Amino acid sequence: MNKIIGIDLGTTFSAAAFMNNGRPEIIPNAEGGRLTPSVVAFTSEGRQLTGSMARTQAVANPERTVASIKRRMGTDYRVEIDGKKFSPPEISGFILRKIREDAEEFFSEKIEKAVVTVPAYFNDNQRQATIEAGARAGLEVIRIINEPTSASLAYGLHRQDVHYVLIWDLGGGTFDVSVLELGNGVFEVKAVGGDTRLGGDDWDRRIMDYLARGFEKRYGVDVRKDRTALQRLKEASEKAKKDLSITEAVDIRIPFIWKNKDLEFSLSRGQFEDLTGDLLKKMVEPTNRALADAGLAPPLINRVVLVGGSTRMPAVQRLARELLGKEPCQDLNPDEVVALGAAIQAGILAGKIKDVVLLDVTPLSLGIETEGSLFSGIIKRNTTIPVTRGLIFTTAKNNQTQVDIHVLQGERLLVSDNISLGKFELNDIPLGARGEARIEVTFRIDANGIFQVKAQDLYTETEKSIRFNSSPRLTGDEINRMIEEARIHAGEDQKRKEEIQIGIQAESMIQAARVLLEEGKDTLENADEDEIEKRILSIKTCLSRGEYQEAGAKITELKEMLEVLSATVERKKKVKAVRVS
Ligand code: AMP
């Protein structure tokens, strides 16, 4: 099987990883870097740049540079560059394309599949947009997983005696807090929070402003007004910030930043922390709120995981210790850990890792039994939870006052090939013809894995529901076996489904014919009655011989005949009625 890579499609940086002899490793990009800036740009000649080339020229060419597109995923937003409009999945697609092409170059083989990570709070639209971005890049996104789950996988927490994990993800532009619960190898998102406007860029800006103000005091010029100077200031500030994560003080020097003047300053870690203390404080409230939402106090958290390059700042690590009373996990590179986890997930899906890890997605489709013992899916396999999906069903028989809701999971089209999870009845459906009732069946799996099925008669509003204490769980092998069987039997299952549907159509058409024969017994010509009987018989004969195609054609012929004759019967009835009166 071709390689499946894991991709962290980040707001500021993206990274890709793969499994090498059972261990996840970062795939270097074409420039030899381990991280690829999530930036896309077009030159004035219309050439497209992606990654570090795009990032380097961003300040000098802001009109044709797109950064942080992840914030817009799943929205109708369009970026307009030189009169051409791009959707967020198109821009993200350029980033994923570069990642795919760089990986192909690295491995000298084609890469077609990937596991891509998204923030835990991403909704369906945002997840769909991410899948679309993959498709645009020539990548089939075989699984979307939550970033905090991915980081926990990278730390191997699913194999440890851990119940609750708190993840801080402080990247370039966003801060996310997630609280996960682990049980039986399943990661469940208990709570999410954060600040979508807080990230390493804010820390950079503080240094930039400090330097620019100092320069202005000395020379009376605000260098931020000059694009090239601004870009140099920005780069120097970020570098100083990163250096201050490992040293106590830095000397910052930008030669000839304005005319023949150099910018020269020293900055200590203490000064930097004073300049940014209020930014750090902004992390406290969302963390406390996420803990409160999860109903947990800090001592109950078993592990604190730091994700995102900005968690390298010593002040952030200190705050984690103070607030959560624990030494945070930081052995892995915080800006690589999400991609590494995605590679592990890819390895699990490729069958290379035997761990049984059911992530926070539905491993198999969930649905109900419908007429003819067919399985009708409501929630598709691999849907990320929490999720709520509903479909409207109706009655199969006339005057049916009760429906059986038989809940199943599996990938096969016939009920008998899937796993039954439970059954309940919905009663008191008003008398009526088949197909008249409107029964809405809603499946809901919440973030805690609680699976609830509700059936409601939309006319009377009578409803009934059942709850499964946890979403149905099978071992990885059982799931893989079911998926594989569904694939192997897809053709014959589809054929069998069509045959059953022809049988159902035949039954309903024969019933309609009998009604017409009864209603038209005084008005129909004998020859027509005989012809109807003949056609009914030939449909039955075809079905008994297993000649479904022929039966289908005969059902259509009978249907056409019934339409013509029922119009005649109606007309004659009306004439009769006039005569009587
Ligand atoms: P991410 O989006 O997770 O890759 O995070 C990128 C952010 O992490 C940027 O703002 C970087 O400046 C920041 N960052 C990376 N390395 C360091 C470091 N050593 N110290 C402080 N911030 C860093």
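A residue counts as near a molecule if one of its heavy atoms lies within 4 Å of it. Keep that in mind as you work through this predicted model.

**Exercise 1.** Find out how many residues surround the ligand, and which helix gives the most to the shell around it.

*Solution.* Start with the count: 15 residues surround the ligand. Among the closest are E238, S245 and S310. Next, look at the helices: α6 (residues 227-243) gives the most to the shell, with three residues.

Now zoom in on the polar atoms. E238 has a polar side-chain atom 2.5 Å from an oxygen atom of the ligand. In the side chain of S245, an N or O atom sits 2.7 Å from a ligand nitrogen atom. G172 uses its backbone instead: an N or O atom there lies 3.4 Å from a ligand oxygen.

**Exercise 2.** Decide whether G309 is buried, partly exposed or exposed, and say where it lies.

*Solution.* First place the residue: G309 is in the loop between β17 (303-307) and α9 (314-324). Then check the cut-offs: buried is under 20% and exposed is over 50%. G309 has 30% relative accessibility, so it counts as partly exposed. Beyond its neighbours within four places in sequence, G309 touches L170, P334 and D335.

**Exercise 3.** Work out the strand order of the open sheet and name its edge strands.

*Solution.* Walk across the four strands: β20-β23-β24-β25, with antiparallel pairing. The edges are β20 (387-393) and β25 (463-468), each pairing on one side only. Strands β24 (residues 451-457) and β25 share six bridges, and A455 stands opposite K464 in β25.

Definitions and conventions: Residues are numbered from 1 along each chain as its sequence is written. This is a predicted model: local features need pLDDT of at least 70, side-chain atom pairs count only at pLDDT 80 or more; totals for chains, interfaces and linings use all residues. Side-chain values use heavy atoms; hydrogens and water are left out. Two strands pair if DSSP finds at least two bridges between them. Helices (H or I, at least four residues) and strands (E, at least two) are DSSP runs, numbered from the N terminus. Buried means under 20% relative accessible area, exposed over 50%, partly exposed in between (1.4 Å probe, protein chains only). Contact means heavy atoms within 4.5 Å. A polar contact is a pair of N or O atoms within 3.5 Å; within protein, one must be able to donate a hydrogen and the other to accept it, and residues adjacent in sequence count only if both atoms are side-chain atoms.
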